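Please consider the model shown here. The paragraphs that follow lead through the contact between its chains and then through selected local features.

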Amino acid sequence: MVVVIGDAINLERSLYLLLQVLELRGDVVLAVNAVDEARKAGLEIDKNELGKQLGIPVVITSAATGEGIEELKEVLVKSARSSSHIHYLFSEEIEEKIEALAGRFRLVPALSEFDGRWLAIKSLEHDNGVEKLTGFKAEKDFSSELAETRYRYIKRVLSTSVKGKEKHGWDLSEAIDHVITHRVLGIFVFLSVIYIVFQLTFTISGPLSLLIESGLESLGSFLGNSIGPDWLRSLVVDGIIGGVGAILVFVPNIFILFMALGVLEESGYLPRAAFVIDRLMYSMKLSGRSFISMLLGFGCNVSSIMSTRSISEPKERIVTILVSPFISCSARLPVFLLIAGTFFGTKGGVVVFFLYLLSIVVTVLSALIINRLLFKGEPSTMIMELPRYRKPRVSSIMFYTWNKGRHFLEKAGTIILGASVVIWMLSYFPAEGSQSYAAMIGRALEPLFIPLGFSWEMISSLVFGVAAKEVIVSSLTTFYGNYAVMGSAMEVMRVAISPATAFSFLVFVLLYVPCLPTLAVTKNETGSYRYVFFSVIYSLAVAYSVALAVRVIGGLL
Amino acid sequence: MSVRNVSTWLFLLGMLYVTLAVNTAFGFLFSAKDLMMGIVILVNGSIYLFGLLERVEDVKKRTSHLLVGSFFSYILSIYQIVVVFSLWLEGFVGGLCLLSVDAINFPLLFSGLLVSFISDYLKKSFTTT
């Protein structure tokens, strides 16, 4: 059973998808959604007439108000399986070809599970997947003739089942789009919006982080006074509370960032951002579709890489997979906030904004370089339907925020908790501080990082950060916490590290090796370790060069 | 709104926001020095001024710039209120006073709130489908 969800306001385009599904199978239910908005716009949809014309059950729904949802469930339970049925006929010439091809395909045992007529129609449309499946390529592409027939049928159906106002002049969405998607203004408006989002993330979370921090401090001192053995006290207070707590302090930032992104998505602005950036991306031989994948990377690089499956052009897909890890994921945000807050105070928000901007610039430039060096691919064209602007609903935003943000909490309770214990052990044995195993790892790599001015604590935390980027925060607070006789690990860091080195470290964290889950998904999606090695080496080279440039320029200033 | 009124508002608000941008970027009057915020306000000013580049007879296009510009100004005002509230709360939690006249940026805050009436008025001139 398939439910096709149509948009009540754009029913013509929604029915086109429905017809394509109906060509494949008959057990379909049409849910005409957003009917509340259609009514506001003066549209009246006769579901009985629509159902009669299409020969399938039709339910009118509104996801926003819940209207029709129960009816939809009932219809789904009652509906029976059925095979595809013909609603309209194409021109005589095309019908003859369909019949001949369908007959031919029906004789092939390997194609027996597919509908012959559907395979024939798809072959005449030059569908790549069906051409590969059948091994047949039609001489002429009949896509436009087939589309015209479908649209003629849709018009006929709608003429009797939908009544409403004729559209006159511009609507609100068109008026806003005229400015928001402007060739010049669009980019600057996008940058301004993103800047405000990061500033809000930094500002609003301030008091909440402060509350969590003081709560954790109280818990730490309570447990510190209650636990007897030194090693156990150190494990609980410095390792677990210090390590996991250092991450938990940034939970408000993560949730506020996702809430702000949720507002942008719910309101319909984010697809416009993709549209605006599409022009820029095209010059880098990428399409707005790649940008949408990259946009997901602001949440998590893994989902960003997995979403590249929607990119039809293989070379463009590989380039997008290779450059997506440069997009600053939410796991890197706690590191940025810790260092930026410690070293740059109230200007921390500006630093974080610049890091995000740098991540976009490096991503785009890398795409250009990889395209020039490795591939000479052409970007796939992007056709996207811009949704209407909507007033965001609180329930949707809360759902979006929780859905995205809870992974961060889950990670804190699993990977980061485990990593904190391991890091504590490595920094406590065989002797605490500079004689520990963690110090040995950092010192072994120290010569490589002399030009960048990174200490062994910073280097070791980078090594552990490959497991998950948030671990860098736990590592830094554990390592520098060891020196803190009075005051916090952050105060020790402020004394031990110069602002130029701190900024250079932030840039390195932004650009260096992707985390292990990202590398694993890169292997899965590309099917080759070649791209994984390339990703590791290329990102290290870029991170080192840009961090060095930042350190040198910062030193001169 | 007539094309003449729209153009006048575009010019006046464009100039106002360019002035506010300079004021915020350099921290001249009732505002802390904040270059980045100054640039964001300048973008708001250019939304109005770009409207003047549209053809005079294209009143819908000019009105669009006034609508989006005034909504953006309103958002900046709300943003400023949120920042001020967060500063107050952070100070309250930490037992400090982080608020100052400059941190509030009164010119930006009040301009946006007043301009929001224009946005509200203009919305009615477009259909909502």
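How many salt bridges are there between chain A and chain B? The count between the two chains is 0, where a salt bridge is a side-chain nitrogen of Lys or Arg within 4 Å of a carboxyl oxygen of Asp or Glu. This is a predicted model, in which local features need pLDDT of at least 70 and side-chain atom pairs count only at pLDDT 80 or more, whereas totals for chains, interfaces and linings use all residues; side-chain values use heavy atoms, with hydrogens and water left out. Residues are numbered from 1 along each chain as its sequence is written, and chains are lettered from A and ligands numbered from 1 in the order in which they are written.

Polar contact between chain A and chain B comes to 1 residue pair, with both residues at pLDDT 80 or more. A polar contact is a pair of N or O atoms within 3.5 Å; within protein, one must be able to donate a hydrogen and the other to accept it, and residues adjacent in sequence count only if both atoms are side-chain atoms. On the side of chain A that touches chain B, two or more residues each come from helix 9 (172–180), helix 10 (185–226) and helix 18 (348–373) of chain A. Helices (H or I, at least four residues) and strands (E, at least two) are DSSP runs, numbered from the N terminus. Helix 10 of chain A gives the most to this side, with 15 residues. By residue class, the side of chain A that touches chain B holds 22 nonpolar, 7 polar and 3 charged residues; Ala, Val, Leu, Ile, Met, Phe, Trp, Tyr, Cys and Pro count as nonpolar, Asp, Glu, Lys and Arg as charged, and the others, Gly among them, as polar.

Within chain A, strand 1 (residues 2–7) and strand 2 (residues 28–33) pair in the parallel sense over 6 bridges; strands pair if DSSP finds at least two bridges between them. In this pairing, Val3(A) stands opposite Val29(A) of strand 2.

Although salt bridges between chain A and chain B number 0, the count over all chains comes to 23. Glu70(A) forms a salt bridge with Lys73(A), their closest N and O atoms being 3.3 Å apart. Both residues lie in helix 4 (residues 69–78) of chain A, 3 residues apart, about one turn of the helix.

A cis peptide bond joins Phe429(A) and Pro430(A), with omega about -10 degrees, and Pro430(A) is placed in the loop between helix 20 (415–428) and helix 21 (437–445) of chain A. His126(A) has a phi near 60 degrees, a positive value in a residue other than glycine; His126(A) lies in the loop between helix 6 (116–124) and helix 7 (128–134) of chain A.
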